[in-house]
Amino acid sequence: MNRLLILICLSLMLIACHHDVVSSAHQDLSEQGWAMTDTVRLLLDVTDTTQAYDIALMLRHTEQYNYQNLWFFIQCGDSLSPIQSDTVMACLADDRGQWLGTRAGRYYSGYVIMERELVFPEAGAYTFSIVHGMRDSLIHGIADVGLELRKHDYGKE
């Protein structure tokens, strides 16, 4: 019973902290590594076609990741999406090799706003496909990848 109460309280705190997130999805990746041929498929639900949105690429990694940045190739398979394909770079460490983002245990978390002020023409579920664009065919240390659809806040630009 105590665990359930703690879980409910934590969930409510997280919802309160992310009130501008309207849809999110993530996928855990294998501890064996993320192969260039492994496609992450994520669905984001759009309900309001009058709202402008930002899309954030979410990432968690460990110190096993060997590079300062990570390149992604992202495609939306829905013909009505304002994004057909995009290349995104996430900076994971500074020039001195210090990890960026927030740390929780052995994981570092961060995000990149990959698109701003998008207005979707129709409500519905939009499917995004993500592959890494690094030269190594198998990369280690990436724990999970996700997307968040956030209401665009014109006051935070």
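Biologist: Over how many bridges do strand 4 and strand 11 pair?
Modeller: Strands are DSSP E runs of at least two residues, numbered from the N terminus. Two strands pair if DSSP finds at least two bridges between them. Met58 has Gly146 in strand 11 as its bridge partner. Strands 4 and 11 are antiparallel, and the number of bridges is 9.

Biologist: What pLDDT do local features need in this predicted model?
Modeller: Residues are numbered from 1 along each chain as its sequence is written, and side-chain values use heavy atoms, leaving out hydrogens and water. In this predicted model, totals for chains, interfaces and linings use all residues, side-chain atom pairs count only at pLDDT 80 or more, and local features need pLDDT of at least 70.

Biologist: What is the mean pLDDT of the protein chain, and where is the pLDDT below 50?
Modeller: pLDDT is the predictor's confidence in each residue, from 0 to 100. The chain mean is 88, and 86% of residues reach 70 or more. Low pLDDT means that the predicted coordinates should not be read in detail. Beyond near neighbours in sequence, one stretch has 0 contacts (heavy atoms within 4.5 Å), and its pLDDT is below 50: residues 4-17.

Biologist: Which are the edge strands of the open sheet?
Modeller: The sheet has 5 strands in the order 1-11-4-8-7, with antiparallel pairing.

Biologist: Why is strand 11 largely enclosed by the rest of the structure?
Modeller: Buried means under 20% relative accessible area, exposed over 50%, partly exposed in between (1.4 Å probe, protein chains only). Strand 11 spans residues 142-151. It is largely enclosed because of its buried residues: 9 of the 10.

Biologist: Which side chain makes a polar contact with that of Asp144?
Modeller: Asp144 lies in strand 11 and counts as buried at 7% relative accessibility. A polar contact is a pair of N or O atoms within 3.5 Å; within protein, one must be able to donate a hydrogen and the other to accept it, and residues adjacent in sequence count only if both atoms are side-chain atoms. Beyond four places in sequence, Asp144 touches residues including His26, Asp28 and Met58. Its side-chain polar partner, at 2.6 Å, is Arg60.

Biologist: Which side chain does His152 reach by a polar contact?
Modeller: His152 follows strand 11. It is buried, with a relative accessible area of 6%. Its side chain makes a polar contact, at 2.8 Å, with that of Asp54.

Biologist: Which residues touch the most other members of the largest nonpolar core?
Modeller: A nonpolar core is a set of buried Ala, Val, Leu, Ile, Met, Phe, Trp, Tyr and Cys residues joined through side-chain atoms within 4.5 Å. Of the 32 residues here, the two with the most are Phe72 and Ile130.

Biologist: How far apart are the C-alpha atoms of Ile139 and Gly33?
Modeller: Ile139 sits in strand 10 (residues 138-139) and is buried at 3%. Beyond four places in sequence, its contacts include Gly33, Trp34 and Tyr65. Ile139 and Gly33 are 106 residues apart along the chain, yet their C-alpha separation is 5.3 Å.

Technical notes. Helices (H or I, at least four residues) and strands (E, at least two) are DSSP runs, numbered from the N terminus.
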